Amino acid sequence: MSELRTLYPPIEANFTDFIKVDNVHNIYYEESGNPNGKPVVFLHGGPGCGTGPSCRQFFDPEFYRIIMFDQRGSGKSTPHANLTNNDTDSIISDMEKIREKLGIEKWLVFGGSWGSTLALSYAIEHPERVIGLVLRGIFLGRQEDIDWIYQEGGASNIFPDAWENYISVIPEEERDDLITAYYKRLTHEDRAVRVEAARAWSMWEGSIVTLLPNEDVVNDFGDEDYAISMATIECHFWMNHMFRDNMNYILDSADIIKDIPTTIVHGRYDMDCRFVGAYLLSKKLNNCDLNITISGHSSGEPEIVDRLVKATDKYKSLF
C-alpha cells in the first residue's frame, strides 16, 4: 500500500478583507496560494463553523489561487451567529459577490459536510461557474439526514453515552422534537441558556465525527464562540428545512450537474453524514469518482486527507 498523502505545508494568506453583502452581514474572505493561479473556493461546514488556516492546505499553493470565506454569522464574519437573512440562497449570493469582486469567471468548488450541501446547491444554481466539485462527507439535507443526527433512533444508537449528554439539557416532555426544543434555548435572551445549549449540541457532534474517540476534537467543539455560531446557525437551518420547499432538492436537481467532474470522498463509517447519501448522489452523476474510505466524518481523518489532496492535484488538469 502506498504512503498516504498529507496536507500541503501551512501558508499565510495573501490578503484578507470583508465584503458588505446586505444591511446586516459583513463577510470575511481571503486569498492564499498563487495570486495568478487557478481559482478554487473552499466551503466550510456547519453551517456556522467558519474556516481556519489549515483549510488552505488541501491545495497546491503553487498552482491554486485559494479563496476562502466565513459564511454569514460564522468565524470572522459579523455579526457573530446572527440569523437575519441567513439562508441557503443568501450564502450562494454571497459566493457570487465574492467571485465577481475577485474577477473570477469559473472556479473549482471544494466543500465538506454542510459545505458539500452548499457546493451542490451552488452548482445547481450556477453550473456555468463550476469547473469541478471536490466533496467530502455528503450531507443532502433531507429530513431523514437531519433526524439521523438530532433525533433518537439514528446516531444515538451508536453513541448512547454521548447522546445522554446531548439530551440532558432538554426536559423529557420536549424530547419528541429536539430541534424545536434546542432552537428555543439557542435563541433565548439569557446568554447562559444559549451557551449551555450550544455546547451540548456542538459537543454531541464532536463526539461522532471521528472514527476513533478523540477528546481533543470534542473539547474543540465545546469552545464557547464556536459552539454558539455552529449550534445556533445549524439549528436555524434545520428548523427552516434548509430553506427549501423540497428537501430532496439536491437529488431531484442532480441532472443539472450530472456532467460536471466530481470527486466524492466519504467515510464508510461516517456517523454524522451517512454514506448512503453519497452513494445515492453518485448514481445520479455521469462524471463522478466515488472514494469510500475506512474513516469517520472528519476532514482530518488520514485516508480522507489523502483522497482530498489527490483529488485537488488531479483536478489541476481541468484548467
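1. E31 is buried, at 4% relative accessible area. Buried here means under 20% relative accessible area, exposed means over 50%, and partly exposed lies in between (1.4 Å probe, protein chains only). The model is predicted: local features need pLDDT of at least 70, side-chain atom pairs count only at pLDDT 80 or more, and totals for chains, interfaces and linings use all residues. Residues are numbered from 1 along each chain as its sequence is written, and side-chain values use heavy atoms, with hydrogens and water left out.

2. E31 pairs with R65 in a salt bridge, with 2.8 Å between the closest N and O atoms. The term stands for a side-chain nitrogen of Lys or Arg within 4 Å of a carboxyl oxygen of Asp or Glu. E31 sits in strand β2 and R65 in strand β4, so the bridge ties together parts 34 residues apart in sequence. R65 is buried as well, with a relative accessible area of 14%. Strands (E, at least two residues) and helices (H or I, at least four) are DSSP runs, numbered from the N terminus.

3. What does R72 meet in a salt bridge? Its partner is D22, at 3.0 Å from N to O. The pair links distant parts of the chain, 50 residues apart. R72 belongs to the loop between β4 (64-69) and α1 (88-101), D22 to the loop between β1 (13-20) and β2 (26-33). Both R72 and D22 are buried.

4. D313 and K316 form another salt bridge, at 3.8 Å from N to O. D313 is buried, with 18% relative accessible area. K316 is partly exposed, at 23%. Over the whole structure, a search finds 26 salt bridges.

5. Next, Q57 and its surroundings. Q57 lies in the loop between β3 (38-43) and β4. With 12% relative accessibility, Q57 counts as buried. Leaving out residues up to four places away in sequence, Q57 touches L7, Y8, P9 and P10. Contact requires heavy atoms within 4.5 Å. From Q57 to L7 the C-alpha distance is 5.3 Å, while the two are 50 residues apart in sequence.

6. How do α1 and α2 pack? Two packed helices are described by the angle between their axes and the distance between the axes. For α1 and helix α2 (residues 114-125), the angle is about 70° and the axes are 10 Å apart. That makes α1 roughly perpendicular to α2. Axes are lines fitted to C-alpha atoms, for helices over the stretch in contact, and angles run from 0 to 180 degrees between N-to-C directions. Angles of 65 to 115 degrees count as roughly perpendicular, under 35 as roughly parallel, over 145 as roughly antiparallel and the rest as oblique.

7. Which residues of α1 and α2 make the contact? From α1 come T88, I91, I92, M95, E96 and R99. From α2 come W114, L118, S121, Y122 and E125. The contact residues divide into six nonpolar, two polar and three charged. The classes are Ala, Val, Leu, Ile, Met, Phe, Trp, Tyr, Cys and Pro as nonpolar, Asp, Glu, Lys and Arg as charged, and the others, Gly among them, as polar.

8. Backbone geometry deserves a check. Most residues other than glycine have a negative phi, and most peptide bonds are trans. A cis peptide bond joins G46 and P47, with omega about 0°. P47 is placed in the loop between β3 and β4. The bond from T78 to P79 is also cis, with omega near -5°. P79 lies in the loop between β4 and α1.

9. S113 is not a glycine, yet has a positive phi of about 60°. S113 is found in the loop between β5 (107-112) and α2, and is buried, with a relative accessible area of 10%. F243, not a glycine either, has a positive phi of about 60°. The place of F243 is the loop between α8 (224-239) and α9 (249-252). F243 is partly exposed, at 28% relative accessible area.

10. On annotation, an unreviewed UniProt entry lists residues 38-271 as "domain: AB hydrolase-1". UniProt positions are given in the numbering used here, feature names are shortened, and annotations may be inferred rather than shown by experiment. In the model, the end C-alpha atoms of residues 38-271 lie 34 Å apart, and the span is 41% helix and 13% strand.
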